[in-house]
Amino acid sequence: MIHGVFHRSALLAAILVASTAGAQTPSPLHTQVAPIVSGMYPSLEALYKDLHANPEIAFQEVRTAGKMAEEMRKLGFEVTEKVGGTGVVAIYKNGAGPTVLVRTELDALPMEEKTGLPYASKAKTQSNGRESFVAHSCGHDIHMASWVGTARTLLAMKDQWKGTLMFVAQPAEETVSGAKAMIADGLFKRFPKPDYAFALHTSPSPYGFVGYKVGAISSNSDSIEITFKGRGGHGSAPDKTIDPIAIAARFVTDVQTVVSREKDPAEFGVVTIGAIQGGTVGNIIPDTVVLRGTVRSYSPQVREKLLAGIRRTANAAAMMGGAPEPAVELVPGGAAVVNDEAVVKRTVAALKSAFGDPKVVAVPPITASEDFSEFVNAGVPSMFFFVGVLSPEDVAASMKPGGKPIAFNHSPFFAPVPEPSIKTSVEAMSVAVLTTMAPK
């Protein structure tokens, strides 16, 4: 998953307010949680650096899942491994009360890290039939360290909450397939179905800030694979062929009119072609060309319009070229994560009390997708929120004219600042769960 910095104008205003605001009286919850988190931080940073240096891609997270299971067993959780492939479910019962799910992801990305950090990943694996570097360039290692830290914090404060903790370490978020695999493997049948669920995600925003939104906070995601069929031949005699490269090129241009001329301009929608494969040398016209891409949207109506427009435009491009009907595969990905209004309002009030109003910022929805939506759409009222992980000075400088751009998630240079990013993440998630599970 990749997403942008919090809305620029809102974020810059928040930074200025936070830097000039007077000291706020710490909330009782902050006063209790912060020392616990500080005391365990060295071990959380060591765990984070170990995970960062040893990443594993989707459904290969054997070592990573094992470490998460080990950490939870040491705390006294009842742990089940290999749920939905490599997923981990850890249950801790503490009397009568709600069941609350806390999700982390396990997987990394098939890409090379170029941060130069002492603990940078040098790992390699097989991905899509070839050798690839592997890196935690999305921040899932921060999530896992925070997940463990939250579990420790909640157990240290178990006299202040009642109910059942359901800590889920999910595989394959980057391929938006892990949550679905866990549900298909009986996540909500073999274990208690949660009353509430929480997840957080790193953002290329200043550390110390938390971003939230009521309603849709991420996008729908669909994948495109289109095979345009032609008739191959010599490049010097195109009249003797049906050129699928020309047809594919026409489609790439024309499909953007679905976005610019058929979709409501006020609604979000993106069609991106990220890969074109066809041909071998310059003087041979190939038989086929394969295009792959992604479609993003927020609303179901826009999603339907874009997908229908893609199929129609592909068929039209082939027809104009006198070619056979193309093979069009539109594969559903993750649905938009829709945050529950009541859960968000209750949690945000507690977060603002803990961190101060200026540090808890309302943000627009992101354009990336996230399969935490599978848990939400199973009927679990939920909240997905963001935690900043970069230097405030670097972020502020990047917003100035000519400023150095910051490295976003999925960049080979993405490098979260561990402290205080992990501390903020642990405290924010701990406050969210404690507020939900406090005896009424």
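**A helix and its sheet**

Mentor: Just after α9, Gly 322 takes a positive phi of about 65°. Helices (H or I, at least four residues) and strands (E, at least two) are DSSP runs, numbered from the N terminus. This is a predicted model: local features need pLDDT of at least 70, side-chain atom pairs count only at pLDDT 80 or more, and totals for chains, interfaces and linings use all residues. Residues are numbered from 1 along each chain as its sequence is written, and side-chain values use heavy atoms, with hydrogens and water left out.

Trainee: What span does α9 reach from its first C-alpha to its last?

Mentor: The expected span of a helix is 1.5 Å times one less than its number of residues. α9 covers residues 300-320, 21 residues in total. Its C-alpha span is 30 Å, close to the 30 Å expected.

Trainee: Which residues of α9 are buried?

Mentor: Buried means under 20% relative accessible area, exposed over 50%, partly exposed in between (1.4 Å probe, protein chains only). The buried residues of α9 include Val 302, Leu 306, Ile 310 and Ala 317. Down the axis of α9, the buried residues fall within an arc of 160°, so they line one face of the helix. That arc is taken from the directions from the helix axis to the C-beta atoms. The face turned away from the buried side carries exposed residues, among them Gln 301, Glu 304 and Met 320.

Trainee: What covers the buried residues of α9?

Mentor: Contact means heavy atoms within 4.5 Å. The cover includes helices α7 (244-254) and α8 (256-262), and strands such as β10 (220-229) and β15 (327-332).

Trainee: What is the strand order in the open sheet?

Mentor: Strands of a sheet pair through backbone hydrogen bonds, either parallel or antiparallel. Two strands pair if DSSP finds at least two bridges between them. Here 4 strands run in the order β12-β14-β10-β15, with antiparallel pairing. β12 and β15 stand at the edges with a single partner strand each, so one side of each lacks a neighbour in the sheet. The twist averages 20° from one strand to the next.

Trainee: Over how many bridges do β12 and β14 pair?

Mentor: They pair over 8 bridges, in the antiparallel sense. Gly 269 has Ser 297 of β14 as its bridge partner.

Trainee: What angle does the direction of α9 make with that of β10?

Mentor: Axes are lines fitted to C-alpha atoms, for helices over the stretch in contact, and angles run from 0 to 180 degrees between N-to-C directions. α9 packs on the sheet, touching β10, β12, β14 and β15, and makes about 5° with β10. α7 lies across β10, β12 and β14, at about 15° to β14.
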